[in-house]
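Open the model in your viewer and keep the selection panel at hand. The tour goes stop by stop.

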Amino acid sequence: MIKKLTALVSLGLAASLMAACSNDKASQNESSWDKVKKAGVLEVATPGTLYPTSYYDDNKKLIGYEIDMMNEIGKRLDIKVNYQEIGVAEAFTSVDSGKVDVAVNNFDTTPERLEKYNFSIPYKYSVGGMIVREDGSSDIKAKDLSDWKGKKAGGGAGTQYMKIAEKQGAEPVIYDNVTNDVYLRDVSTGRTDFIPNDYYTQKVAVKFVTKQYPDIKVKVGDVKYNPTEQGIVMSKKDKSLKKKLDGVIKEMKEDGTLKKISEKYYAGQDLTEPEKGTEDLPTIDVSKK
């Protein structure tokens with residue numbers, strides 16, 4: 001009798017192990033889109049601190065260009081979108097670990113990043129710019145960026161703009177996931193000399209922040225450089241999720257939805273198509289060769 005019970009227990013354990021192995025194998029073979037569809041939720045890494053792409057309004061509601069875009073994508077794919085507030089430094093590792101399905105944070109599509117990640121088709125085009133002190137004491141004016149050497153540049157670790165700043169000889173001052181006013185106040189007080197970043201984002205951010213904090217004396221410099229395009233970052237496991245997102249972004253471009261979102265958050269500007277003449281701007285190559 002004991003031998004029979006032992007045999008039955010052993011068979012039960014073996015069956016459980018086989019089922020577990022089978023489930024693990026099925027999970028491993030599951031495409032990135034199947035995983036999202038099965039869960040019914042798209043996990044998105046977003047900073048929640050970057051105006052006007054991802055920030056909180058006066059009612060503590062998360063809004064912005066990328067937020068409205070992702071919400072519309074979720075609606076069209078019939079899935080819920082859940083946001084996890086994650087800064088630049090951790091965004092890519094959160095995709096690597098599977099903590100999130102995608103990351104959005106004005107991320108430039110670069111050859112170096114494309115080696116490791118899938119990017120959606122561009123949802124926004126821009127150029128590089130810089131925030132400097134209003135009185136001109138930052139002393140950064142050269143169109144070829146030659147006067148960045150020795151200046152203190154504020155930004156998040158690992159961003160393309162901080163890589164450009166370091167290559168041009170600037171001293172990096174690294175911030176965690178802080179709000180725009182923290183960056184801008186430090187330029188105003190002289191803790192840093194400038195902030196290299198997305199030109200159009202900076203234009204609206206400076207206007208927004210200085211209206212709230214009149215003591216912050218900064219402006220957007222006239223120099224433009226490095227034409228860019230931004231996409232949604234995701235794992236390179238397969239292209240199933242990319243195909244879904246690309247399809248919806250294309251639809252939103254064609255029916256004008258994405259343009260309306262851009263105009264809403266970028267003072268009437270349509271950033272869903274590249275600006276004319278940007279091909280003549282200086283480009284600093286920071287890719288690893």
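**Stop 1: strands**

Select Thr 46 and find Glu 85 in β4 standing opposite. This is a predicted model. Now widen the selection to strand β1, residues 41-46, and strand β4, residues 80-85. The two run parallel, joined by six bridges.

Pick Val 44 and look across: Val 102 in β5 stands opposite.

**Stop 2: two helices**

Select helix α3 (residues 65-77) and helix α9 (residues 240-254). At what angle do their axes cross? The crossing is at roughly 110°, and the axes come within 10 Å. Angles of 65 to 115 degrees count as roughly perpendicular, so α3 is roughly perpendicular to α9.

Show side chains at the contact. From α3, pick Met 69, Glu 72, Ile 73, Arg 76 and Leu 77. They meet Lys 244, Leu 245, Val 248, Ile 249, Glu 251 and Met 252 in α9.

**Stop 3: Leu 245**

Stay in helix α9 and centre on Leu 245. Is Leu 245 buried or exposed? Its relative accessibility is 0%, so Leu 245 counts as buried.

Which residues is Leu 245 in contact with, leaving aside neighbours within four places in sequence? Select Ile 73, Leu 77, Val 102, Ile 232 and Met 234.

Finish with a distance from Leu 245 to Ile 121, C-alpha to C-alpha. They are 8.3 Å apart in space and 124 residues apart in sequence.

How values were computed. Residues are numbered from 1 along each chain as its sequence is written. This is a predicted model: local features need pLDDT of at least 70, side-chain atom pairs count only at pLDDT 80 or more; totals for chains, interfaces and linings use all residues. Side-chain values use heavy atoms; hydrogens and water are left out. Axes are lines fitted to C-alpha atoms, for helices over the stretch in contact, and angles run from 0 to 180 degrees between N-to-C directions. Helices (H or I, at least four residues) and strands (E, at least two) are DSSP runs, numbered from the N terminus. Angles under 35 degrees count as roughly parallel, over 145 as roughly antiparallel, 65 to 115 as roughly perpendicular and the rest as oblique. Contact means heavy atoms within 4.5 Å. Two strands pair if DSSP finds at least two bridges between them. Buried means under 20% relative accessible area, exposed over 50%, partly exposed in between (1.4 Å probe, protein chains only).
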